[in-house]
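Hi everyone, thanks for coming along. Let me put the model up on the screen, and then we can walk through it together.

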Amino acid sequence: MGSGNETEVFVYEQVIILVSCVLSFVGSLLIIFTYATWSDLRTTPRKLLVFLSVTDLLSAASYFYGVWRMFNSNTWDCVVQGAISTFANTSSFFWTVAIAIYLYIFIVKSSQRLADGLVLYFHLISWGVPLAITVAALSLQKIGYDASEVSVGWCWVSIQEKDHVLWMLLTGKIWEFLAYVTLPVLYVLIKRHIHKAHVALSEYRPILAGHLASSSSSTMADKKLTLIPIIFIALRVWSTVRFLLLLSGSPARQNPVLVTLHGVGNTFQGAANCVMFALCTRVVRARLAMLFCCRRRATPGSSDRPSQHTSYTPPTSYVDRPTEAHTWGDEDA
C-alpha cells in the first residue's frame, strides 16, 4: 500500500471481512423477512429488532463496498461510503440501547404502555441524532480517507483533519463507550428481576411439570438477555482497542490479527442477531425449516397439487396474538 502511517490490509483479511459483510447482510434480511412474513411474530421487541437490522444491513453493505474498493484517497465514493457507514453504525448503537431500555421498562417496571410510548422517541433519537451528526460531518468535510488506522479499508473520519479524534468520538466512539456501560447495567437489572420473580413464583408451583416448563422458558430468555451485551461488546471491543492504540500512538494497532478482529467485529452484528433471534428461536427456526421444505417440494412437476405445499399454518402452541405482550423468551417456550 502507500507510505506513511497507513495500515496494510492483506488479501486474506479482505476476504474474511467481505464474507462477514455478506453473512451480516443476509442475516439482517432474514430477520426483516421473518417479521414481514409472519404477523403473529410482529411484537414490539421484534419490531425494534427490525429497525436495528436495517442499520446493520446498511452497515454491512457500505463496509462491503469499502473493503472491496480499498480506498487510498478522498474520492467521492469514499465520502459517500463513509457517510452511510457513519450514519448506520451510529444508529445501530442507539437502536441496541433502545431495545435494552424497552425491555427494562417492560420487564422490570412492568409497564408495557410506558415502554410502547417510548417507541416514537426511539425513532426520533436513533434516526435523528446519527443523521444530524453525519450531516454535520459531511458539511464540514470531516469524512474521508483514514488510511485504515481506525478502519479496515473503508472510509470514516479523514485522518488528515487536525480534530479527527474529536470527530471520531462524535461519529461513533462516544456512543460506543456509552453502550458499553448502559447495556450491561440494564441487562443485569433485567436478569435480577427475572431471577427474583422466578424464585417467588416457584414457591407457588406445587405441580412439578408446570414448574419445569416455566423454568425452561425462563432459562432460555435469561440466556438471550445475557448474550445481548456480551455479543455486542465482544464484537465492538476490537474497534475500541484500535482507537485507543491510535490515541497512544502505538504501532500495535496495525497488528494483522487485531485488524481482522476489528473488521469482523464491525461487520458481523447483523449475522449475530440473526443467529440469536432467528436461528436460535424455536418458533422462527421451525417455520423457516418448514418454508424451506415446502419450497423444495413445490418444484415444477414434483406434485399435482402444489397448493398443499405453498402455505404453512404453524402449530397452535406457537401462535401468539399480534397484540399479546411477550418478548423473545416466550417464543422459545
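Which elements each supply at least two residues of the lining of the second largest cavity? They are α2, α3, α7 (208-248) and α9 (269-279), with helices being DSSP runs of H or I, at least four residues, numbered from the N terminus.

A quick word on the source: this is a predicted model, where local features need pLDDT of at least 70, side-chain atom pairs count only at pLDDT 80 or more, and totals for chains, interfaces and linings use all residues. Residues are numbered from 1 along each chain as its sequence is written, and side-chain values use heavy atoms, leaving out hydrogens and water.

Back to that second cavity. The largest share of its lining, four residues, comes from α9. Of the twelve lining residues, the closest to the centre are Leu52, Thr96, Ile228, Asn273 and Phe277.

Now for a pair of helices. Helix α2 (residues 44-69) and helix α5 (residues 119-139) pack at about 10°, their axes 12 Å apart; axes are lines fitted to C-alpha atoms over the stretch in contact, and angles run from 0 to 180 degrees between N-to-C directions. So α2 and α5 are roughly parallel, the word for angles under 35 degrees.

Last, a single residue. Glutamine 14 lies in helix α1 (residues 11-37). Is glutamine 14 buried or exposed? Glutamine 14 counts as buried because its relative accessibility is 17%, and buried means under 20% relative accessible area (1.4 Å probe, protein chains only).

Technical notes:
Buried < 20%, exposed > 50% of the residue type's maximum accessible area, 1.4 Å probe, protein only. Parallel < 35°, antiparallel > 145°, perpendicular 65-115°, else oblique. 1 Å grid on protein atoms, 1.4 Å probe; cavity = no way out; pocket = protein on both sides within 12 Å on 5 of 7 lines; lining within 4 Å.
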